[in-house]
Amino acid sequence: MTYPEPWSSDGPTLSENAADAPEPRAGLAQPWRAAVAAAEVVLVVALLAAAWWCWNRAQVRVDVPGATGLPMSSTRWSGSWVALAVAAPTLGGLLLVDAVRQLVLAWAVRRSRAGRSAGEG
């Protein structure tokens, strides 16, 4: 079953007030986003350091005497530390992508304002 459209086949008509009104801006491009990007980069560095620390904690070397009397050594891995060592740089990568996005948005507003002021004169 189809329903009739609430406007004519030419499309919806706008009133004079609605047609002349400026489009609302989303407010995404803000210069303060550069500070957010800097904070995210610092957090990425901290997450990489934490990943390194977790990876070293995940390995445990075990030395036991063998049947011949010579020491046998093996490495034991702890799954939770390995998971943290993988999760930390993964989250850091996502934060790095977001930091780049924040920088692009912060830079775009400065560039567009400079372009408008140069074009007005």
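In which sense do strand 1 and strand 2 pair, and over how many bridges? Strand 1 (residues 59-65) and strand 2 (residues 71-77) pair in the antiparallel sense, over seven bridges.

## Basis of the model

This is a predicted model: local features need pLDDT of at least 70, side-chain atom pairs count only at pLDDT 80 or more, and totals for chains, interfaces and linings use all residues. Residues are numbered from 1 along each chain as its sequence is written, and side-chain values use heavy atoms, with hydrogens and water left out.

Helices (H or I, at least four residues) and strands (E, at least two) are DSSP runs, numbered from the N terminus. Two strands pair if DSSP finds at least two bridges between them.

## The hairpin

Strand 1 and strand 2 form a hairpin. Five residues lie between them. In the turn, Gly69 has a positive phi of about 100°. Pro65 stands opposite Pro71 in strand 2.

## The nonpolar core

The largest nonpolar core has five residues: Val44, Leu47, Ala51, Ala88 and Leu95. Such a core is a set of buried Ala, Val, Leu, Ile, Met, Phe, Trp, Tyr and Cys residues joined through side-chain atoms within 4.5 Å. Helix 2 (33-58) and helix 3 each give two or more residues to this core. Helix 2 gives the most, with three.

Ala88 is in contact (heavy atoms within 4.5 Å) with Leu47 and Ala51, leaving aside neighbours within four places in sequence.

## Gln102

Gln102 sits in helix 3 (residues 79-120). Gln102 counts as buried because its relative accessibility is 6%. Buried means under 20% relative accessible area, exposed over 50%, and partly exposed in between (1.4 Å probe, protein chains only).

Gln102 touches Arg33, Val36, Ala37 and Glu40, not counting residues up to four places away in sequence.
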